[in-house]
Amino acid sequence: RFGPGQINAVYAHNDEMALGAIEAIKEAGRLDEIMVVGIDGENAAFESIKNGEMAASFIYPFVAPEGIIAAFKVATGEEIEPVWTLQSQQVDASNVDEFLGKGF
């Protein structure tokens with residue numbers, strides 16, 4: 001539906017969706033023109049990055065511990081910061097070898 005140059009990148013909010021997009025893009029013969037990025041840090045995504053198909057995946061914290069800590073502080077009357085920034089890790093061709101076999 002979209003011609004060459006109309007889609008430069010696909011962002012998927014998990015690696016499974018990113019890998020599915022890669023399959024559809026490959027079937028359309030357009031993998032060389034569309035960058036695909038996912039989130040989660042799956043082993044399959046790392047392999048796809050290593051193979052030059054997927055551009056990157058981002059590993060992010062589970063956030064449950066931070067959420068529970070914040071909820072406890074609020075419940076006990078303690079004030080908390082209104083914005084919390086949690087660190088994530090970008091995995092791409094420059095560092096994928098460090099992560100191969102360490103995803104889920």
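Colleague: In which sense do S1 and S2 pair, and over how many bridges?

Modeller: Strands of a sheet pair through backbone hydrogen bonds, either parallel or antiparallel. Here, in a predicted model, S1 and S2 pair in the parallel sense over three bridges. Pairing needs at least two DSSP bridges between two strands. Strands are DSSP E runs of at least two residues, helices H or I runs of at least four, numbered from the N terminus. Val10 stands opposite Val36 in S2.

Colleague: What packs on the sheet?

Modeller: H1 does, touching S1, S2 and S3. Contact means heavy atoms within 4.5 Å. The direction of H1 makes about 160 degrees with that of S2. Such angles run from 0 to 180 degrees between N-to-C directions, with axes fitted to C-alpha atoms, for helices over the stretch in contact.

Colleague: Which residues of H1 are buried?

Modeller: Buried means under 20% relative accessible area, with a 1.4 Å probe and protein chains only. In H1 these are Asp15, Ala18, Leu19, Ala21, Ile22 and Ile25. They cover an arc of only 160 degrees around the axis, so they lie on the same side of H1. The arc uses directions from the helix axis to the C-beta atoms.

Colleague: What follows H1?

Modeller: Gly29, with a positive phi near 70 degrees.

Colleague: Which conventions apply?

Modeller: Residues are numbered from 1 along each chain as its sequence is written, and side-chain values use heavy atoms, leaving out hydrogens and water. Local features need pLDDT of at least 70, and side-chain atom pairs count only at pLDDT 80 or more, while totals for chains, interfaces and linings use all residues.

Definitions and conventions:
Buried < 20%, exposed > 50% of the residue type's maximum accessible area, 1.4 Å probe, protein only.
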